[in-house]
Amino acid sequence: YFSQLEGQIDDCECSVNTVDYFNNLKIYPRLNSLLLKDFFRFYRVNLERGCPFWPDFKRCTTEHCSVETCSEGQVPAGLSTEAKNGKESSAHKYLKEAQNEEDCDENHGGLGAVDRTLSEETKEEFEKWQKYDESQDNFCETEGESLTDVKYVDLHRNPERFTGYKGVSSHRVWKSIYQENCFKPDHEHGPFTTSKNLGELCLEKRAFFRAISGLHTSITVHLCATHYTPSKTGFGSGNWGLNVPEFLKRFSTDQTDGEGPDRLKNLYFVYLLELRALAKAALYIEAQSFYTGDDVEDAEVKSAVTELLSIIKSFPNHFKESVLFPGKDEETAKLKEEFRQHFINITRIMDCVGCDKCRLWGKLQTEGLGTALKILFSGKLDSDLKMPQLKKNSFHLTRKEIVALFNAFGRLSTSVYQLENFRKLIKS
Ligand code: FAD
């Protein structure tokens with residue numbers, strides 16, 4: 001099946017080999033070291049929202065599922081102060097121009113241009129509409145910002161890996177994602193949309209399925225690549241490493257009714273989608289200050305991000321988002337909104353994942369993918385990629401969205417890299 005994995009990536013103008021080469025040699029090593037930096041390592045998340053769909057939802061309490069949240073002293077000073085002041089909500093604040101505006105505001109007794117001309121009531125109304133307008137770009141629900149439930153998690157100390165979460169609970173989540181939230185050909189009554197009936201869907205609906213299936217593949221590759229084997233003697237802590245039989249069980253052609261190679265190809269599809277989103281938002285992202293309170297590290301991160309994004313921009317066969325939702329007609333707008341609502345629902349389902357560790361990474365990765373979709377399809381970055389235009393269009397990403405996007409892409413990049421390791425082991 002590794003030979004079946006070669007060649008063109010479905011619905012893209014790029015081959016598996018090109019991604020393997022580009023990722024494993026250029027992207028993966030750089031991204032991996034970047035994600036160890038404080039700015040990208042600390043993720044603010046609410047793991048206590050509870051499942052909105054199933055009243056019998058239960059949490060799994062095994063050791064591998066637990067998540068260690070940060071105490072106040074463990075979070076870099078710049079990040080925790082920023083969160084307390086509510087500044088995190090908009091990464092836009094970090095733009096140099098915006099900072100200048102804030103300086104100006106001080107000169108006018110703390111009131112900006114808009115504030116000075118509007119009455120309090122109109123201002124409130126304006127802010128409400130601005131928020132509403134921005135929420136229409138989003139492919140994820142914004143988390144309730146109640147300070148007691150939102151915690152920082154050090155992602156490095158809580159790695160995504162095998163947890164043992166399986167059975168009815170995890171199947172219910174995947175089933176709901178594929179059966180109720182992915183699009184299906186109208187007459188299809190089977191339990192899951194599969195690669196076999198995908199051809200009956202339009203490009204946009206196929207892309208939706210491929211992105212979700214690719215994310216599912218990535219999660220599976222991780223749990224096979226960092227799998228746990230208890231120690232034979234029953235003493236000691238056991239070993240974490242690549243588990244080839246587990247990988248074969250989940251991806252070989254004969255054990256997956258022929259679906260394995262297509263599922264692996266979907267990983268490459270979602271990789272290309274997020275890669276393109278990073279390239280498209282590169283100018284916006286490069287303009288952030290990556291503030292954590294440590295000037296030296298912040299400057300290092302900024303220059304490493306710029307270097308990484310310039311490599312990403314040089315990728316030869318980017319995903320072409322313009323072929324999706326091409327028309328300006330009502331029908332296309334309706335399809336796009338349906339696509340957005342389906343995806344938002346999937347981000348809600350993540351609160352129904354019974355294992356805390358899986359929920360953490362599920363939430364982060366769907367938020368990262370949602371951020372990529374926002375970059376590609378909100379339309380705010382299409383007209384011009386120059387800074388003044390960005391400001392005019394009020395395109396926003398929060399720090400949380402940027403952190404989620406980079407880490408989600410980091411997971412996909414690691415999965416592609418790990419496939420190479422499985423390939424070598426299986427061939428030898
Ligand atoms: P599952 O992976 O549960 O798949 C269910 C069904 O979906 C399969 O029978 C198949 O029909 C179909 N399917 C499988 N793969 C694909 C694909 N790529 N595309 C389309 N259809 C597919 N476990 C961990 O150990 N660590 C984790 O970090 C982790 N994170 C998770 C995050 C989420 C959001 C969820 C829902 C589960 C997570 N799990 C994790 C559990 C893991 O995904 C599996 O559910 C579990 O290992 C049981 O696997 P399974 O072989 O029964 O098939």
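Colleague: What are the scores like, ipTM and pTM?

Modeller: This is a predicted model, and it scores ipTM 0.99 and pTM 0.89. Mean pLDDT for the protein is 85, with 81% of the residues at 70 or more.

Colleague: Where is the pLDDT below 50?

Modeller: Over residues 89–117. That stretch still has 26 contacts in the model beyond near neighbours in sequence. Where pLDDT is low, though, the predicted coordinates should not be read in detail.

Colleague: Okay. How many helices and strands in the protein?

Modeller: 16 helices and four strands. Of the 428 residues, 34% count as buried. Taking contacts between residues at least 6 apart in sequence, 80% of them join residues at least 24 apart.

Colleague: On to the ligand. Which residues are the closest?

Modeller: Ser170, Ser213, Arg263, Cys358 and Gly362, out of 22 residues that surround the ligand. Helix 7 (168–181), helix 8 (203–225) and helix 14 each give two or more residues to that shell.

Colleague: Which helix gives the most to the shell?

Modeller: Helix 8, with six residues.

Colleague: And how does the shell split by class?

Modeller: Ten nonpolar, eight polar and four charged residues.

Colleague: Let's look at helix 14. Is that one largely enclosed or open?

Modeller: Largely enclosed by the rest of the structure, because 22 of its 22 residues are buried.

Colleague: What should helix 14 span, and how far apart are its end C-alpha atoms?

Modeller: Helix 14 runs over residues 356–377, and at 1.5 Å a residue its 22 residues should span 32 Å. The end C-alpha atoms are 31 Å apart, which agrees. Just after helix 14, glycine 379 takes a positive phi of about 85°.

Colleague: How about helix 13, what does it reach?

Modeller: Helix 13 (residues 330–349) has 20 residues and goes 29 Å from first C-alpha to last, close to the 28 Å expected.

Colleague: Which residues of helix 13 are buried, and what do they pack against?

Modeller: The buried ones are Phe339, Arg340, Phe343, Ile346 and Ile349. They pack against helix 7, helix 8 and helix 14. In general, residues three or four places apart in an α-helix point the same way, because there are 3.6 residues a turn.

Colleague: And glutamine 341, buried or exposed?

Modeller: Exposed, because glutamine 341 has 11 other C-beta atoms within 10 Å, and exposed means 12 or fewer. Glutamine 341 sits in helix 13.

Colleague: Switching to lysine 265. Where is that, and is it buried or exposed?

Modeller: Lysine 265 is in helix 10 (residues 260–280). It counts as buried, because it has 24 C-beta neighbours inside 10 Å and the cut-off is 20 or more.

Colleague: What does lysine 265 touch?

Modeller: Leaving out residues up to four places away in sequence, lysine 265 touches Leu5, Ile9 and Asp10. Lysine 265 and isoleucine 9 are 256 residues apart in sequence, yet 6.2 Å apart in space, C-alpha to C-alpha.

Colleague: Last topic, the largest nonpolar core. Which residues touch the most other members?

Modeller: Ala211, Tyr271 and Leu272, in a core of 93 residues. Helix 16 (residues 399–427) gives the most to this core, with twelve residues.

Colleague: And what does tyrosine 271 touch?

Modeller: Val19, Leu412 and Val416, again not counting residues up to four places away in sequence.

Methods: Residues numbered from 1 in each chain as written. Predicted model: local features only at pLDDT ≥ 70, side-chain atom pairs only at ≥ 80, totals over all residues. Expected span 1.5 Å × (residues − 1). Near = placed C-beta within 6 Å. Nonpolar A, V, L, I, M, F, W, Y, C, P; charged D, E, K, R; others polar. Contact = placed C-beta atoms within 7 Å. Core = buried A, V, L, I, M, F, W, Y, C linked by C-beta atoms within 7 Å. pLDDT = per-residue confidence, 0-100.
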